[in-house]
Amino acid sequence: MVAAKKRILFIASEMSPYLEETDFSSIVNQLAIKANDSGFEIRCIMPRFGVINERRHRLHEVVRLSGINVSVDNDDYPLQIKVASLPNARLQVYFLENEDFFKRKFIYHDENEKWFDDNDLRTIFFCKGALETVKKFGWPPDIIHCSGWMTGLIPMYLQTAYKKEPVFGNSKLIYTVGQNTFKEKLGAKFLKLANIHASIKDKDLEPYKDANNTAMFRGGASYADAITFGAEKVDKKLLEEFNKVRGKKVLPFKPDGDLTDYLQLYTDLSSK
């Protein structure tokens, strides 16, 4: 009997060649390809920001997955799912789309560099939508690797609101702390909006209370099974806090590493 392939789900706010905000976007691309070539089964999920060229990257809608409604703050937002094949690799990247949140031709700031007021809702929609998409796949990941501040709520949601979901029953979580890319805040209502389920208590939201870039990374790292550093320049406070955490594997940033330490981490975690 052949052992089933271990499954890795990458949830990223950016991934080369589709969106390249920081250097980690190309690392996500390399990791997905390398893990795929090493015998893992891979899927990737990212937001379908309006700057991502649908024709050039050959995105098309996955009708059987679309039609999910994601509720945030008592409003229902339709989730459309598109898919593309990663160039030079046989693996699928799924894009989460919504007219209200991701259609605009800018990412987090408008043409005048003004921070979008609804970045809080967009973030929650993406985090919840990604987990709902995996439920709809019915594809239980052994490893979920989150990167990008926008994925920061996912580790907490998996420990609370989605804890009893069978599809995540064996999932181990890796969170990558990257470089800070924005100075604004996600707003005074962020924690209230982020509380999507009765099982989430105030103390669960504590790491996110500053509602800024560092807080999103802090929250993601706090709830992950393993932490990696994805940039040379990360917030010093985060380096001190998460450089050594009892019972968690931590990978330092290696600018010229060949990523084998990540593959080893995936193997170790998925065999636990």
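**Questions on a predicted model**

Mentor: Asn-74 is exposed, with a relative accessible area of 79%; exposed means over 50% relative accessible area, buried under 20%, and partly exposed in between, for a 1.4 Å probe and protein chains only. This is a predicted model, in which local features need pLDDT of at least 70, side-chain atom pairs count only at pLDDT 80 or more, and totals for chains, interfaces and linings use all residues. Residues are numbered from 1 along each chain as its sequence is written, and side-chain values use heavy atoms, with hydrogens and water left out.

Trainee: Where is Asn-74 placed, and what is its phi?

Mentor: Asn-74 lies in the loop between β4 (68-72) and β5 (75-85); strands (E, at least two residues) and helices (H or I, at least four) are DSSP runs numbered from the N terminus. Most residues other than glycine have a negative phi. Asn-74 is not a glycine, yet its phi is positive, at about 65 degrees.

Trainee: Is Glu-113 buried or exposed?

Mentor: Glu-113 sits in the loop between α2 (99-102) and α3 (119-137). Glu-113 also has a positive phi of about 65 degrees although it is not a glycine. Because its relative accessibility is 60%, Glu-113 counts as exposed.

Trainee: Which form does the peptide bond from Ser-16 to Pro-17 take?

Mentor: Pro-17 is in the loop between β1 and α1. Most peptide bonds are trans. The bond from Ser-16 to Pro-17 has omega near 5 degrees, and is cis.

Trainee: Which residues does His-57 touch, not counting residues up to four places away in sequence?

Mentor: His-57 is found in the loop between β2 and β3 (60-61). His-57 counts as buried because its relative accessibility is 12%. With contact taken as heavy atoms within 4.5 Å, and residues up to four places away in sequence not counted, His-57 touches Pro-17, Tyr-18, Ile-52 and Ala-84.

Trainee: Why is strand β1 (residues 7-12) largely enclosed by the rest of the structure?

Mentor: Two strands pair if DSSP finds at least two bridges between them. β1 pairs in the parallel sense with strand β2 (residues 41-47) over five bridges, and five bridges join β1 to strand β7 (residues 143-147), again running parallel. In β2 the bridge partner of Leu-9 is Arg-43, while in β7 the partner of Phe-10 is His-145. β1 is largely enclosed because, of its six residues, the number buried is five.

Trainee: Which elements do the buried residues of α9 pack against?

Mentor: The buried residues of helix α9 (residues 260-270) are Asp-261, Tyr-262, Leu-263, Leu-265, Tyr-266, Leu-269 and Ser-270. They pack against β1, α1, β7, β8 (172-177), β9 (226-229) and β10 (249-251).

Trainee: Which residues does Gly-220 touch, not counting residues up to four places away in sequence?

Mentor: Gly-220 is in helix α7 (residues 213-222). Gly-220 is buried, with a relative accessible area of 0%. Leaving out residues up to four places away in sequence, Gly-220 touches Gly-152, Pro-155, Tyr-175 and Tyr-208.
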